[in-house]
Amino acid sequence: MTKEEYIEWNEYLNESAKKHGEEIKEFSNEELMDCYERLNRKLNDKINENPLDIFVQWYQVAISETRKEIISRMK
């Protein structure tokens with residue numbers, strides 16, 4: 001993968017994770033917690049398989065967005 005391809009993928013994955021952040025606002029509290037747990041499991045699996053996999057970053061951003069939503073609902 002070239003640097004340019006990596007940058008393009010990185011931008012796409014960040015946009016996709018942000019979109020995920022918008023979509024989860026429609027989730028119930030139970031669905032939100034389930035989503036958070038699934039994302040964590042998938043992130044750990046990806047890190048164990050290949051920590052340099054570009055999708056690791058997507059899961060990290062998606063988890064961050066999900067965590068923000070959970071915290072906002074707790075206030």
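Which residues form a nonpolar patch on the surface? Met1, Tyr6, Ile7, Trp9, Tyr12 and Phe55 do, with about 640 Å² of accessible area together.

## Basis of the model

This is a predicted model, in which local features need pLDDT of at least 70 and side-chain atom pairs count only at pLDDT 80 or more, while totals for chains, interfaces and linings use all residues. Residues are numbered from 1 along each chain as its sequence is written, and side-chain values use heavy atoms, with hydrogens and water left out.

## Overall fold

The protein has three helices and zero strands, and its elements run α-α-α from the N terminus on. Helices (H or I, at least four residues) and strands (E, at least two) are DSSP runs, numbered from the N terminus. The C-alpha trace spans about 45 × 25 × 15 Å along its principal axes.

Of the 75 residues in the protein, 29% are buried. Buried means under 20% relative accessible area, exposed means over 50%, and partly exposed lies in between (1.4 Å probe, protein chains only).

## Helix packing

The axes of α1 and helix α3 (residues 54-74) come within 9 Å and cross at roughly 25 degrees. α1 is therefore roughly parallel to α3. Axes are lines fitted to C-alpha atoms, for helices over the stretch in contact, and angles run from 0 to 180 degrees between N-to-C directions. Angles under 35 degrees count as roughly parallel, over 145 as roughly antiparallel, 65 to 115 as roughly perpendicular and the rest as oblique.

The crossing of α1 past α3 is right-handed. A crossing has this hand if the near helix is turned clockwise from the far one by less than a right angle, and is left-handed if anticlockwise.

Tyrosine 36 is in helix α2 (residues 29-49). Tyrosine 36 counts as buried because its relative accessibility is 19%. Between tyrosine 36 and threonine 66 there are 6.3 Å in space, C-alpha to C-alpha, although the two are 30 residues apart in sequence.

## The nonpolar patch

Helix α1 (residues 3-23) gives the most to the nonpolar patch, with four residues. Methionine 1, one of the patch residues, lies in the segment before α1. Methionine 1 counts as exposed because its relative accessibility is 65%.

Patches are made of residues with over 30% relative accessible area and no salt bridge; like charges are joined within 9 Å, and nonpolar side chains (Val, Leu, Ile, Met, Phe, Trp, Tyr) within 5 Å. Accessible areas come from the Shrake-Rupley method with a 1.4 Å probe, and for residues only the protein chains shown count as cover.

## Salt bridges

The structure holds five salt bridges, each being a side-chain nitrogen of Lys or Arg within 4 Å of a carboxyl oxygen of Asp or Glu. One of them joins glutamate 65 to lysine 18, with the closest N and O atoms 3.4 Å apart. This pair links distant parts of the chain, since glutamate 65 is in helix α3 and lysine 18 in helix α1, 47 residues apart. Glutamate 65 is buried, at a relative accessible area of 14%, whereas lysine 18 is partly exposed, at 46%.

Glutamate 65 also meets lysine 68 in a salt bridge (3.6 Å, N to O). Both of these residues lie in helix α3, three residues apart, about one turn of the helix. Another salt bridge is formed by lysine 46 and aspartate 53, with the closest N and O atoms 3.8 Å apart. Lysine 46 counts as partly exposed, at 23% relative accessibility.
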